[in-house]
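Biologist: I would like to learn how the words used for a protein model are decided. Could you take me through them one at a time, beginning with the picture itself?

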Amino acid sequence: MTTTGMVTSLWLRLMLPFVAMVLTAVPVQATTDVEGARIWPAPDHTRLVFDTRSPVEHTIFKLENPDRLVIDMKGAKLKARLDQLDLKDSPVRRIRSAARNGNDLRVVLDLSKDIKPRSFQLEPNQQYGHRLVIDLIEEDRESLKDMTRPIVREDTGSKRDIIVVIDAGHGGEDPGAIGPSGTREKDVVLALARRLEKLIDSKPGYEARLTRTGDYFIDLRRRTLLARKHKADLFVSVHADAFHSPQPRGASVFALSQRGATSETARWLARSENRSDLIGGEGGVTLGDKDDMLAGVLLDLSMTASINASVGVGDYILKKLGGVTRLHKSGVEQAAFAVLKSPDMPSILVEAGFISNPQEEKNLLSSAHQDKVARAVVEGIDDYFNTLPPPGTLLAWQKGQRGGSAGSEYRVQRGDTLSAVARRNQVSVEAIKRVNGLTDDVVMVGQTLQIPSS
């Protein structure tokens, strides 16, 4: 072997292990398949969902003239038929796709209007695997601006309806709990919410509103914002409970816990948009000129009153539910549900039953059972508001005509405070204390109070 050959051979023996090590260290581009796609039009946004075999790295950007949204997915191959999506009621006119850079996928949405895009990925749930979610937010539709609602609304010059906002939980890409035979919570609670709406609207002095009217998702904070937009006197979120075993049964009613109220007060104070929500409404409590300590006290008092009223209406509903279905717990339960965290309206969550229990899953699918549950909830709501009608409502006027605010008696319910009883009967706390010989503001459940003339 020549000297040159010996040198070359030595160089190769030295370098080959190094080259092999470098090649091993180079990451291989991960690939995933886009296996399906769905589109969920909602009043203020459209959600486009791509089913992916695994998480996918992606970027999105907008183009103008004409309006388009570009979605690039790294290492992705399209296996779904995007041309079969129903684009009706969405801002998407057409969807195009093509391979890009050999290994990537580009999807282009041709839009009929300007949108604000948002994207995120979802982990697998009971129904779907990995998903890439693209939200197309239409800021000119169903605007939630101008939602200022006062903490205390005193409008005694009118005979307005009591507004009850019914919130069907979950929806769209979020199926909620799924029963043993495949029943989806989102479908059951929407049907139940529609029954509640019809029954409430049939009662003089009441008006119902739904947070969602179809199969689409609304985030939890937005649900309460919608209720505030409608100036709700009561917010009722409807769900169907689930457990990891099929044994638990029965309906439940939840109100916000005190721990949830404490954390929520801090959150409202920390975010300026929440503080401004309570400014400028008719007769509203203005927090803009209060320091943080006083504002915190005012919000805490408002939240406490809201919780007390929530527990009160929950008691009435539970009594009625107990006559038509089994109860999971005999009293109103309290938990830190985000959807209940509003300082200016009573808010309850009704679990109509355990969808994870085979028998209750069948019940929840039954029109007759749904009707019984809906009627019980509405009867409970009506009993509560006939006892404690909000000032300025038709029910308050009718109670006044019957002598409800002049020389009447009132039996203290769970969750009542003396100030709340006085406000709802349109008299002062001092007047009630004077007539009843009270030395402080403490009242007991079951106590009978004489209500003086206003």
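Modeller: Helices (H or I, at least four residues) and strands (E, at least two) are DSSP runs, numbered from the N terminus, and D167 lies in one of these runs, strand β10, which covers residues 162–168. The model is predicted, so local features need pLDDT of at least 70 and side-chain atom pairs count only at pLDDT 80 or more, while totals for chains, interfaces and linings use all residues. Residues are numbered from 1 along each chain as its sequence is written, and side-chain values use heavy atoms, with hydrogens and water left out.

Biologist: Why is D167 called buried?

Modeller: Buried means under 20% relative accessible area, exposed means over 50%, and partly exposed is in between, with a 1.4 Å probe and protein chains only. D167 has a relative accessible area of 1%, and therefore counts as buried. In the protein, 49% of the 454 residues count as buried.

Biologist: What makes the link between the side chains of D167 and S237 a polar contact?

Modeller: A polar contact is a pair of N or O atoms within 3.5 Å; within protein, one must be able to donate a hydrogen and the other to accept it, and residues adjacent in sequence count only if both atoms are side-chain atoms. The side chains of D167 and S237 make such a contact at 2.7 Å. S237 is also among the residues that D167 touches, which include R223 and F235; contact here means heavy atoms within 4.5 Å.

Biologist: Why is α7 called roughly perpendicular to α8?

Modeller: Helix α7 (residues 358–365) and helix α8 (residues 367–387) pack at an angle of about 85 degrees, with their axes 5 Å apart. Axes are lines fitted to C-alpha atoms, for helices over the stretch in contact, and angles run from 0 to 180 degrees between N-to-C directions. Angles under 35 degrees count as roughly parallel, over 145 as roughly antiparallel, 65 to 115 as roughly perpendicular and the rest as oblique, and therefore α7 is roughly perpendicular to α8. N363, L364 and L365 of α7 make the contact with S367, H369 and Q370 of α8.

Biologist: How do you know that Y316 and Y384 form an aromatic pair that is edge-to-face?

Modeller: Rings of Phe, Tyr and Trp (its six-membered ring) pair if their centres lie within 6.5 Å; planes under 30 degrees apart count as stacked, over 60 as edge-to-face and the rest as tilted. For Y316 and Y384 the values are 5.7 Å centre to centre and 75 degrees between the planes, and the pair is edge-to-face. Y316 sits in helix α6 (residues 292–321) and Y384 in helix α8, 68 residues apart, and the pair links distant parts of the chain. Both Y316 and Y384 are buried.

Biologist: Why does T387 count as partly exposed?

Modeller: T387, which is in helix α8, has 21% relative accessibility and therefore counts as partly exposed. The side chains of T387 and Y316 are joined by a polar contact of 3.3 Å.

Biologist: What makes the phi of N101 worth a remark?

Modeller: Most residues other than glycine have a negative phi, and most peptide bonds are trans. N101 is not a glycine, and yet its phi is positive, about 55 degrees. N101 lies in the loop between β6 (92–100) and β7 (104–111), and with a relative accessible area of 59% it is exposed.

Notes. Lists of a residue's contacts leave out its neighbours within four places in sequence.
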